[in-house]
Amino acid sequence: MARVRIQDNVLVAVMIACVGTCYGFGLSLFPQIIPDMRKDLAFDYAFVGTVTGLVQFSTVAFAVLGTWLVHRIGAARTVVASVSLCGLCLSSIPISDNLYVVAGLLMVAGATGASTFVPMINLASRVVRAEQRGFAMSLISSAPAFGVLINSALVAAYAGSGHWQMVWFLTGAATIALAVVTHILFGRAGLFDSGTSHETLAPTAGGSASLRSIMPWVTLIFALGFINGLMPYPYLTYLSPFLREELGYSVGFASWLWATIGAVGISAGFAIGTISSRLGSRYAMLTCYSSFLAAGALVVLEPSMELSILSGVFFSLGFYPIYGLLPAYVSHRATPRVAVTVLGICTVFQGIGGTTGNFFGGVIKTSTESFSGIYLAVAVTAAVAAAMTISLPKDQRVQAV
């Protein structure tokens, strides 16, 4: 099929939809619908804990798989396959009454977010100019916030009336339809071909065409990938218990704070993306880590309702965009092929960091009998990450080969 000129913003919108769907529906829908499913399937919270833990491990596996697939079948095919697999899993969940099958479907659906996101840096390098790449990747990494809001509306409309199966059917059908549209648009844009970067790049950077050639700064990138799992996830995991059990706030306030985090996350991609496109990915990353520092410090210093809300705003401002800024930075300093490998490794470290952070968060709570130490650790780790970001070399463009 001959390549048809499709606007870059249309392709970026499709990429945003793919990430938002696989993370938003595949990963974030189950927690919202647990009470409704438990009534019919009669599973306990031990099942819930086991499944959510296994999803983290499967996410790491799919990050590795996604990296391998990009090098074998290409980034565009990997994205289409991941979105299709997610849609099939979502559609199959409500027609199965076997808990083991349901658990497997939830694991695969949740993990497809990783294999969808890993190829995005390759696609972004081909369709987005370098000066706009940080902005685009910030929007892409913020996409799960849209999925979370759609989930909330669907759960309220159907699950509350006892028709939770319809939520899975609708999200599954929408995801499969998105996979079809994505296949058509990527095909017409020529993204299934083994093309090179959209960007005309400086010849002076041609040496960054292998993983070894970008040492030692890539070591900092891997460390930041680990921190991006280690630091934010405990903040979210223990937020509701901290607010309700330790501080005594109501369920309504905790829910409202969560809604605030989701709403701010939608606009965070635009705000941080603008900083990235104008000042560079490093400054945008520094803004995110500074936001995490403020979020943790506010809760530790004075966990009033007002400062808790402000803490949530700062957290959301950094949380959603940060996962797009690391690959955007790497795309300026390495070829798309190497950048995909780096992003895959970072995603693995991120999964390990998330598991580690949640574990030590529980240790801190048990040993101190307070959640405050967790948020102090968030602030300290954010400060370390900010210092590491300052140590990174400046953004630069690189010749894609």
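This is a predicted model: local features need pLDDT of at least 70, side-chain atom pairs count only at pLDDT 80 or more; totals for chains, interfaces and linings use all residues.
Before the overall picture, one term: contact here means that heavy atoms lie within 4.5 Å. With that in hand, among contacts in the chain between residues at least 6 apart in sequence, 86% join residues at least 24 apart.

Residues are numbered from 1 along each chain as its sequence is written, and side-chain values use heavy atoms, with hydrogens and water left out.

Let me begin with the overall fold. The chain has 17 helices and zero strands, where helices (H or I, at least four residues) and strands (E, at least two) are DSSP runs numbered from the N terminus. The radius of gyration of the chain is 20 Å, close to the 21 Å that the globule rule gives for 401 residues, so the chain is as compact as a globular protein of that length; the radius is taken over C-alpha atoms, and the rule is 2.2 Å times the number of residues to the power 0.38. Along its principal axes, the C-alpha trace spans about 60 × 50 × 30 Å.

Of the 401 residues in the chain, 54% are buried, a word that stands for under 20% relative accessible area, with exposed meaning over 50% and partly exposed in between (1.4 Å probe, protein chains only).

Now to one helix, α8, which covers residues 144–157 and reaches 20 Å from its first C-alpha to its last, close to the 20 Å expected at 1.5 Å a residue; that expected span is 1.5 Å times one less than the number of residues. The buried residues of α8 include Pro144, Asn151 and Val155.

Which residues does Cys346 contact, leaving aside its neighbours within four places in sequence? They are Ile221, Phe222 and Gly225. Cys346 itself lies in helix α16 and counts as buried, at 6% relative accessibility.

Finally, I would like to turn to a loop. Glu369 is found between α16 (336–368) and α17 (372–391), and Glu369 is exposed, with a relative accessible area of 66%. Most residues other than glycine have a negative phi. Glu369, however, has a positive phi of about 60° although it is not a glycine.
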